[in-house]
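Please find below a note on the model under review.

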Amino acid sequence: MIERILKDLGRVNGVNGSLVVGKDGLIIESEVSGDIDAELVGAMASAVFGTAERSAEEIKHEPLEQVMIEGKRGKTLMIDAGEGILVVITDVDVNLGMIRIEMKRSAERLGDLLG
C-alpha cells in the first residue's frame, strides 16, 4: 500500500522521487532513482525535519506542517505523516500547490497506515 502511494506521487508532473522515512531516519519505503542514496536522504530528512519541528516549537509556530529545501537544481519537500515523514524530490520548475495537495492527501493515507 505504501509503495502504491509513492508510485501515485511519482505520476505528478515534476516529481522525481519520494520516500517514507521513520522519525528515526530509517527508510520505510522508497521510490527514487539509482543515483540517489535513499538511506542517506532518509537520515538527513529525519534530522532536518526534527530540527525544524524543534524550531517551530521554539518560535511558537507548532505544529510543523512542512519543510522545503530549495536548490538550483530541484526541491525537496517533507511533510509529517504520523509516525513517518513523507519526502518528495522535485524538479526546479514545478506546480508547488499541486504537489502540496497531493502530499497532504498521501500523508493522511500514510498516517492511517503507519498509526
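1. Basis. The model is predicted, so that local features require pLDDT of at least 70 and side-chain atom pairs count only at pLDDT 80 or more, while totals for chains, interfaces and linings use all residues. Residues are numbered from 1 along each chain as its sequence is written, and side-chain values use heavy atoms, with hydrogens and water left out.

2. Buried denotes under 20% relative accessible area, exposed over 50%, and partly exposed in between (1.4 Å probe, protein chains only). Helices (H or I, at least four residues) and strands (E, at least two) are DSSP runs, numbered from the N terminus.

3. Helix H3, geometry. At 1.5 Å a residue, the 19 residues of H3 should span 27 Å, and the 25 Å between its end C-alpha atoms agrees with this; the expected span is 1.5 Å times one less than the number of residues. At the N-terminal end, Asn95 caps H3 through a side-chain oxygen 3.2 Å from the backbone nitrogen of Gly97. Just after H3, Gly115 adopts a positive phi of about 85°.

4. Helix H3, faces. Leu96, Ile99, Met103, Ser106, Ala107, Leu110 and Gly111 are the buried residues of H3. They cover an arc of only 145° around the axis and therefore lie on the same side of H3; the arc is that of the directions from the helix axis to the C-beta atoms. The face turned away from this buried side carries the exposed residues Lys104 and Asp112. The cover over the buried residues of H3 includes H1, S1, strand S3 (66–71), S4 and S5.

5. Helix H1. Its buried residues are Ile2, Ile5, Leu6 and Leu9. Because they cover an arc of only 95° around the axis, they are on the same side of H1. Among the elements covering them are S1, strand S2 (27–31), S5 and H3.

6. Leaving aside neighbours within four places in sequence, Ser106 is in contact (heavy atoms within 4.5 Å) with Ile5, Leu9 and Leu86. Ser46 lies in helix H2 (residues 38–58) and is buried, with a relative accessible area of 12%. A polar atom of the Ser46 side chain lies 3.4 Å from the backbone nitrogen of Gly25.

7. Hairpin. S3 and S4 form a hairpin with two residues between them. Their pairing is antiparallel over six bridges; two strands pair if DSSP finds at least two bridges between them. Gly71 stands opposite Gly74 in S4.

Technical notes: Polar contact = N/O pair within 3.5 Å; in protein donor to acceptor, adjacent residues only side chain to side chain.
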